[in-house]
Amino acid sequence: MKKTIVAVLLSFSVLTGCSAVEDVTNGINYVPEATEYINDVQQFSKEIPSLAEKAVSDQNARVELEKALQEMNTTIEEFNELSPPSVFEDIHNQVMEQNQTFQDGIDKYLTAVENGELTPDFLEKSGLLEDVKVYTDLLNDIKQLGE
């Protein structure tokens, strides 16, 4: 009986230890991946206005804009699939909520591009770039938790 209890306790401590090691490993990977993701979002927000402006009157730029919007959607989906360590779950959920808002804006913009409804002020009216500003605060939170 004592051997069984010792075996159960030993198994439990090994399993718990593995979970803790996995959580630490995920944390080490999560912070750089989340930082890179948010940097990608911020870079997107810097490049998209000039591309959108060109796309109003240039078919090649319109195709490039559509591609950039689709790539950002893919990047968002890839980030959403990350498994954060427990310490980052709340902030990851906040990023995912913001991602949904951001994706909704991208989808509206894509629809406008595909339907030929793109106007010079559409980007500003869409609020797409305003959604990106929230990521700066989220990045700061991620970095603080990662320290």
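Student: At roughly what angle do the axes of α2 and α3 cross?
Tutor: The model is a predicted one, and in it the axes of α2 and α3 come within 10 Å of each other. Two packed helices are described by the angle between their axes and the distance between the axes. For α2 and α3 the crossing angle is roughly 160°.

Student: Are α2 and α3 roughly parallel or roughly antiparallel to each other?
Tutor: Angles over 145 degrees count as roughly antiparallel, and the axes of α2 and α3 cross at roughly 160°. The passage of α2 across α3 is a left-handed crossing. The two helices, α2 and α3, are therefore roughly antiparallel.

Student: How do the residues of the contact of α2 with α3 divide into nonpolar, polar and charged?
Tutor: On the α2 side the contact includes Arg 62, Leu 65, Glu 66 and Leu 69, while on the α3 side Phe 102, Ile 106, Asp 107 and Tyr 109 are among the residues that make it. Sorted by type, the residues of this contact are twelve nonpolar, six polar and five charged.

Student: Where α3 and α5 come within 10 Å, what is the rough angle at which their axes cross?
Tutor: Helix α3 covers residues 89–114 and helix α5 covers residues 128–146, and their axes cross at roughly 165°. That makes α3 roughly antiparallel to α5, and α3 passes α5 in a left-handed crossing. The contact involves, among others, Val 95, Phe 102 and Ile 106 of α3 together with Val 132, Tyr 135 and Leu 138 of α5. The angle asked for is roughly 165°.

Student: How many residues of the contact of α3 with α5 are charged?
Tutor: Asp 131 and Asp 141 of α5 take part in this contact, and Asp counts as charged. The other groups in the contact are eleven nonpolar and five polar residues, and the charged ones number two.

Student: Which residues does Leu 69 touch, not counting residues up to four places away in sequence?
Tutor: Leaving out residues up to four places away in sequence, Leu 69 touches Phe 44, Ile 48, Ile 106, Tyr 109, Leu 110, Val 113 and Leu 128.

Student: Is Ser 45 buried or exposed?
Tutor: Ser 45 is found in helix α1, which covers residues 2–55, and apart from residues up to four places away in sequence it touches Leu 129 and Val 132. Its relative accessible area is 16%, and buried means under 20%. Ser 45 is therefore buried.

Student: How many Å separate the C-alpha atoms of Lys 143 and Ala 34?
Tutor: Lys 143 has its place in helix α5 and is partly exposed, with a relative accessible area of 40%. Along the chain, Lys 143 and Ala 34 are 109 residues apart, yet the separation of their C-alpha atoms is 9.3 Å.

Student: Among contacts in the chain between residues at least 6 apart in sequence, what percentage join residues at least 24 apart?
Tutor: The chain has five helices and zero strands, and of its 147 residues 33% count as buried. Of the contacts between residues at least 6 apart in sequence, the part that joins residues at least 24 apart is 76%.

Technical notes:
Residues numbered from 1 in each chain as written. Predicted model: local features only at pLDDT ≥ 70, side-chain atom pairs only at ≥ 80, totals over all residues. Heavy atoms only, no water. Axes fitted to C-alpha atoms, helices over the stretch in contact; angles between N-to-C directions. Helix = DSSP H or I, 4+ residues; strand = E, 2+ residues; numbered from the N terminus. Parallel < 35°, antiparallel > 145°, perpendicular 65-115°, else oblique. Left-handed = near helix turned anticlockwise from the far one by under 90°. Contact = heavy atoms within 4.5 Å. Buried < 20%, exposed > 50% of the residue type's maximum accessible area, 1.4 Å probe, protein only.
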